[in-house]
Amino acid sequence: MPLTSALTLPLQTAWLIPLYGLAGMLVSLPWAFGWFRRDAHKPPAYLNILLTLIAVVHGSLVLRDVMLTGPALIQVPWLSVADLDLEISFSLSLTNVSALELITGLSLLSQIYSLGYMDKEWALARFFALLGFFEGAMSGVVLSDSLFQSYFLLEMLTLSTYLLVGFWYAQPLVVTAARDAFLTKRVGDVLLLMSVVAVTAWSGVTSFEDLYTWSAQKTLLPLSATLLGLGLIAGPTGKCAQFPMHLWLDEAMEGPNPASILRNSVVVTCGAIVLLKVMPLLQNAPVTLVVLQVIGVISAIGGSLVSIAQVDIKRTLSYSTTAYLGLVFIAISLQVPVLALLLLYAHAVSKALLSMSVGGVIASTNCQDITELGGLASRMPATTGSFLIGGAGLVGLLPLGGFLCLAQAVELIGARGVIFVPVFLATNVLTALNLTRVFRQVFLGQSLAKTRRAAEVNWLMALPMVALSVIVLLTPLLLIRLESLDGLLAFPWWAAALVVISGMVGLLVGALIPLNKAWSRSLNPLLRWCQDLFENDFYTERFYRVTIVNVVASFARLAGWFDRNVVDGILHGLARFSLQSAEGLKLSISGQTQSYVLTVIAAIVILLSSLSWILN
Amino acid sequence: MLTILLLIPFLGALVISVLPSDESGRNRSLALLTLAVQCVVSFALLIPFQASETGQQLVDSVPWLPVVGLDFSLGVDGLSLPLVLMNAVLCLVAALASRSVENRSRLYFSLILVISGAVNGAFLAQNLLLFFIFYELELIPLWLLIAIWGGANRAYASTKFLIITAVSGVLILGAFLGIALVTGTADFGVSPILAGQMSLVTQLVLMGALLIGFGIKIPLFPFHTWLPDAHTEASTPVSVLLAGVLLKLGTYGLLRFCLGLFPEAWSYAAPWLAGWAAISVLYGSLAAIAQTDMKRMVAYSSVGHMGYVLLAAAAATPMAIMGALFQMVSHGLISAVLFLAVGVVYERTGTRDLNVLRGLLNPQRGLPLTGTLMIIGVMASAGIPGMAGFISEFLIFKGSFEPFPLATLLSMIGSGLTAVYFLLLVNRAFFGRLATASGGTPNPSILSKVSFGQQIPGLSMSVLILILGLAPHLLVGLSQAATTQLSELAALVPSGGLA
């Protein structure tokens with residue numbers, strides 16, 4: 001698609017939007033390195049917020065123009081090697097730009113939130129630098145129009161996640177969390193890189209449009225197509241914290257909360273958008289689609305089950321992110337991109353709001369264990385309200401984003417694969433149950449020792465919460481305004497009824513199950529076994545430790561041993577042999593010149609004859 | 001013109017070595033001045049250099065000893081120019097980083113200058129014997145640098161280095177003499193036509209000797225064990241030179257002489273070489289995971305990362321060769337950053353043991369800037385986009401995938417393993433709490449601040465890594481004509497091997 005000359009100024013300069021975030025990182029660096037001694041605190045934060053605000057405004061101008069004039073494409077040549085031309089290309093489609101707005105908007109809110117949350121943090125400049133980098137990479141990913149560029153930016157996202165999770169690097173849990181976040185995503189990324197390399201080698205092109213054409217025309221061997229497809233979905237699977245690469249998101253909760261807001265809402269969205277973009281390449285690989293569905297189902301049900309057994313307030317949310325993205329995976333694999341986008345938007349804003357609310361609880365109580373929390377509703381009205389609205393936006397019960405998406409899903413998914421409808425409904429039940437349970441534990445009941453003196457969060461945190469609450473309440477209107485998402489309300493009444501009933505069931509069960517602060521584990525052995533199973537995430541981590549980690553470590557030890565004993569052993573043996581033979585030969589010295597001459601001549605003859613024999 | 005690049009460092013070495021007193025600061029300044037001039041002159045080559053032309057440019061040729069076929073013939077092309085520039089930059093960096101040389105500084109800085117000149121000579125030489133002379137010339141200075149200014153176990157490491165790399169030299173000389181013996185001419189000009197007159201077996205024997213010779217230098221598994229020992233005992237600037245410049249003599253030789261002189265034998269052996277490369281990559285990466293000494297870990301990572309170059313050379317597609325050259329340059333810069341950072345850590349804490357070091361990012365008593373540089377180096381090495389390492393890895397993998405898919409995929413696993421061991425390094429040494437021994441005595445003892453000047457080499461290398469990662473065309477444009485020409489040599493060979 002050639003660049004049309006009649007682009008409006010916002011469209012022509014849309015490539016700047018990812019750069020705003022990166023520029024935010026660059027301007028923060030002098031403060032991050034401590035080159036400014038005076039008040040090395042707030043200026044980089046303000047600069048970053050300003051730049052993100054510019055990005056939001058610029059993005060909304062682009063969105064307006066795209067709605068008026070249709071999609072556009074910006075391409076700049078970047079590198080040309082041999083037969084490969086790599087371009088920096090941004091596709092300004094409605095989907096991409098609205099995702100961009102979601103990212104920059106949530107980034108803006110969470111940056112303001114960070115000002116309040118991280119008020120006393122000594123390394124605020126570093127934090128904002130990383131947030132800027134994070135935002136820039138995400139904006140680039142969603143706008144990207146080439147597989148190569150998507151990979152490029154996804155990896156930068158991996159790096160910035162690592163640095164953000166590892167922000168409080170002195171804490172032991174953070175160290176492992178950052179490591180696992182990086183390595184898990186890296187596994188997905190390396191598999192994705194294998195596919196990127198293979199597909200660019202086979203097709204010679206990198207832009208998605210060209211790749212779609214290529215994939216439609218060329219039929220690969222089924223095995224190649226399947227392997228290629230599996231590699232392509234591995235990257236998004238890691239980014240979206242889907243089974244079997246889901247552990248990192250939960251551990252990443254050790255990082256600062258404002259980054260968790262973004263991770264749980266928009267980072268996973270980025271992964272899903274990339275998956276949407278590679279979907280047309282998977283058409284020749286039906287196995288891949290089945291794998292996607294299996295991943296989606298396991299993540300949705302498994303994630304929901306695991307989330308209801310968590311007592312850490314942040315972890316109750318992170319597993320539900322895995323679950324909702326599982327639903328998105330199912331929607332994508334069943335070729336309902338519209339539904340996937342709806343789910344992504346509704347989930348992102350609601351989950352961001354929930355994360356903010358949870359962050360508020362942590363900020364004012366310094367406690368994450370829900371069995372030690374209680375009775376916060378009267379003390380923290382804004383935080384409580386945010387949790388309620390966020391939950392309502394996520395669960396399919398009230399006529400908000402979650403309900404609309406799930407009702408659509410029941411109809412659209414039902415038409416393509418009825419067996420997946422129960423998965424959606426079950427996820428809804430379990431999410432409603434989980435959120436109700438957490439709400440009761442944290443906000444209702446009596447004040448406990450740790451919550452007695454809790455006060456409402458400061459205005460810098462409350463402001464984004466309130467703003468986002470309004471956005472969540474307005475989500476249906478926003479979704480309808482998106483032209484491509486027409487027919488939002490076109491679902492039958494029975495679908496709506498199913499969703500409402502499932503939400504109701506979850507709510508009721510969550511409201512009625514006995515919650516005991518004193519012993520959170522059940523006395524019933526079977527129930528306790530289930531609880532332990534869910535609480536430990538089906539022992540996935542332990543499984544990885546004894547399998548993959550163990551295998552790599554054993555091979556590494558083997559290589560180390562081999563190096564010391566075999567390779568160096570042979571070398572030392574040779575050295576000893578030559579020394580000893582020299583010692584031996586020393587004794588054979590006769591002093592007779594003739595024998596020396598004879599030896600030398602014989603050696604020369606043998607050498608030359610063997611050389612000429614080899615060379616001729 | 002090119003002769004100046006040899007004269008400057010050699011004259012500098014001569015001047016420093018005949019100075020009457022052994023005053024460290026003055027010697028260092030002199031060496032820095034010489035290397036800065038060399039750097040300027042090297043970069044000035046970019047002005048007359050025609051990037052679009054293939055073949056040697058700016059040729060200086062004087063008959064030297066016609067009887068044995070030795071010409072003093074220098075030339076530069078897209079393959080050697082980036083390496084000459086890197087040599088200039090890294091030698092300057094090494095001299096900048098040599099702040100604590102107190103004893104025999106005259107000898108030390110002269111040796112660095114001799115190495116710089118010899119490496120220039122080897123990259124520029126257009127005569128096999130001349131190349132060999134420069135290739136060997138750099139050996140003794142490096143041996144002395146390790147043996148005199150090295151760590152506790154320097155005697156073992158330097159001797160091992162000397163003996164093993166001397167074997168490499170013997171093999172290379174043998175192969176060069178073999179070429180003369182077989183063709184019956186005493187012309188040691190670099191020309192692939194010579195090999196056309198030989199049988200494939202002869203070619204394979206001669207190329208095999210070169211391959212092992214250069215394989216020792218690169219180093220490839222199983223000829224690599226000298227490298228971790230040498231690095232561990234060498235001082236930081238010497239490690240920078242060793243990893244950044246001297247290993248590249250091996251990979252340069254691989255491209256220029258193995259592939260360039262024997263394209264037919266090379267194509268025949270290529271599948272085996274690709275397999276060898278994959279083994280080298282995986283072995284180097286796995287062995288690196290098992291290390292607890294930071295420097296050994298970086299050294300083993302070199303084994304892995306140089307394996308990519310063999311893979312690319314085996315594939316010999318235009319993109320792969322370009323990737324190989326890019327990898328040489330980016331590995332030079334990245335390992336410089338890594339060794340400099342490790343050097344600062346060792347200097348401040350007295351240890352490189354990953355079981356002891358903790359929490360060095362600590363802003364008050366730790367080494368935050370060093371940690372930042374280390375993270376940049378580590379991420380570049382692991383192939384994170386935006387940095388030079390990613391470009392080279394992508395070009396190599398993409399260029400090698402079609403001829404050798406399996407070896408390429410295995411090498412990519414090696415790239416994943418790089419992230420594993422380097423993340424272990426960063427997480428253990430820099431994350432966590434600053435280590436404190438029982439009884440409350442801090443271990444390592446309270447760290448003094450690292451002066452900004454000491455970080456300039458690492459910072460500038462990091463900036464170069466980022467520049468090359470974001471604007472790779474700077475290097476690609478310079479070398480593409482030459483790398484394409486080299487790959488065409490291999491492509492001209494009729495497929496089918498033993499015909």
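**Talking through chains A and B**

Trainee: Leaving aside its neighbours within four places in sequence, which residues is A:Val165 in contact with?

Mentor: In this predicted model, A:Val165 is in contact with A:Val174, A:Ala177, A:Ala178, A:Ala181, A:Ala252, A:Glu254 and A:Gly255, once neighbours within four places are set aside.

Trainee: Where is A:Val165 found?

Mentor: A:Val165 belongs to helix α6 of chain A.

Trainee: And is A:Val165 buried or exposed?

Mentor: Buried: A:Val165 has 29 other C-beta atoms within 10 Å, and the cut-off for calling a residue buried is 20 or more.

Trainee: How far apart are A:Val165 and A:Arg263 in space?

Mentor: Their C-alpha atoms are 9.9 Å apart, although 98 residues separate A:Val165 and A:Arg263 in sequence.

Trainee: Let me step back to the whole chain. How many helices and strands does chain A have?

Mentor: Chain A has 22 helices and two strands. Its C-alpha trace spans about 110 × 65 × 60 Å along the principal axes.

Trainee: What percentage of the residues in chain A are buried?

Mentor: Of the 616 residues in chain A, 53% are buried. As for contacts in chain A with a separation of 6 or more, 82% of them are between residues 24 or more positions apart.

Trainee: Now the partner chain. How many residues of chain A are in contact with chain B?

Mentor: On the chain A side there are 38 residues, and they are in contact with 43 residues of chain B. In chain A, β1 (72-81), α6 (147-165), α7 (172-203), α21 (540-587) and α22 (593-615) each supply at least two residues of the side that touches chain B.

Trainee: Which element gives the largest share of that side of chain A?

Mentor: That would be α7(A), with 14 residues.

Trainee: And what does the side of chain A that touches chain B have by class?

Mentor: There are 29 nonpolar, three polar and six charged residues on the side of chain A that touches chain B.

Trainee: Switching to helix pairs, at what angle do the axes of α15 and α17 of chain A cross?

Mentor: The axes of α15 (residues 381-394) and α17 (residues 421-443) of chain A cross at roughly 175° and come within 10 Å. With that angle, α15(A) is roughly antiparallel to α17(A).

Trainee: Which residues meet there, in α15(A) and α17(A)?

Mentor: From α15(A), A:Thr384, A:Phe387, A:Gly391 and A:Leu394 meet A:Thr431, A:Leu435, A:Phe439 and A:Phe443 of α17(A). This contact has five nonpolar, three polar and no charged residues.

Trainee: What about α1 and α2 of chain B, at what angle do their axes cross?

Mentor: In chain B, the axes of α1 (residues 2-17) and α2 (residues 24-44) come within 9 Å and cross at roughly 175°. That puts α1(B) roughly antiparallel to α2(B). Among the residues making the contact are B:Ile4, B:Leu5 and B:Ile8 of α1(B), and B:Asn27, B:Leu30 and B:Ala31 of α2(B). By class, the contact of α1(B) with α2(B) has 10 nonpolar, five polar and no charged residues.

Trainee: How about the core? In the largest nonpolar core, which residues touch the most other members?

Mentor: That core has 393 residues, and A:Val328, A:Ala331, A:Leu343, B:Leu311, B:Ala314, B:Val337 and B:Ile465 touch the most other members. Helix α14 (residues 318-349) of chain B gives the largest share of this core, 20 residues.

Trainee: Not counting residues up to four places away in sequence, what does A:Val328 touch?

Mentor: On that count, A:Val328 touches A:Ala272, A:Ala340, A:Leu343 and A:Leu344.

Trainee: Last topic, the backbone. Which residues does a cis peptide bond join in chain A?

Mentor: One cis peptide bond joins A:Phe243 and A:Pro244, with omega about 0°. A:Pro244 sits in the loop between α9 (222-239) and α10 (247-251) of chain A. In chain B, a cis peptide bond joins B:Ile218 and B:Pro219, with omega about -10°. B:Pro219 is in the loop between α9 (200-217) and α10 (226-233) of chain B.

Trainee: What is phi of A:Ala241 near?

Mentor: Phi of A:Ala241 is near 55°, a positive value in a residue other than glycine. A:Ala241 is in the loop between α9 and α10 of chain A, and it counts as buried because 30 C-beta neighbours lie inside 10 Å.

Trainee: And phi of A:Phe538?

Mentor: Phi of A:Phe538 is also positive, near 55°. A:Phe538 lies in the loop between α20 (525-535) and α21 of chain A, and A:Phe538 is partly exposed, with 15 other C-beta atoms within 10 Å.

Key: Residues numbered from 1 in each chain as written. Chains lettered and ligands numbered in written order. Predicted model: local features only at pLDDT ≥ 70, side-chain atom pairs only at ≥ 80, totals over all residues. Contact = placed C-beta atoms within 7 Å. Helix = DSSP H or I, 4+ residues; strand = E, 2+ residues; numbered from the N terminus. Nonpolar A, V, L, I, M, F, W, Y, C, P; charged D, E, K, R; others polar. Buried ≥ 20, exposed ≤ 12 C-beta atoms within 10 Å, placed from the backbone. Axes fitted to C-alpha atoms, helices over the stretch in contact; angles between N-to-C directions. Parallel < 35°, antiparallel > 145°, perpendicular 65-115°, else oblique. Core = buried A, V, L, I, M, F, W, Y, C linked by C-beta atoms within 7 Å.
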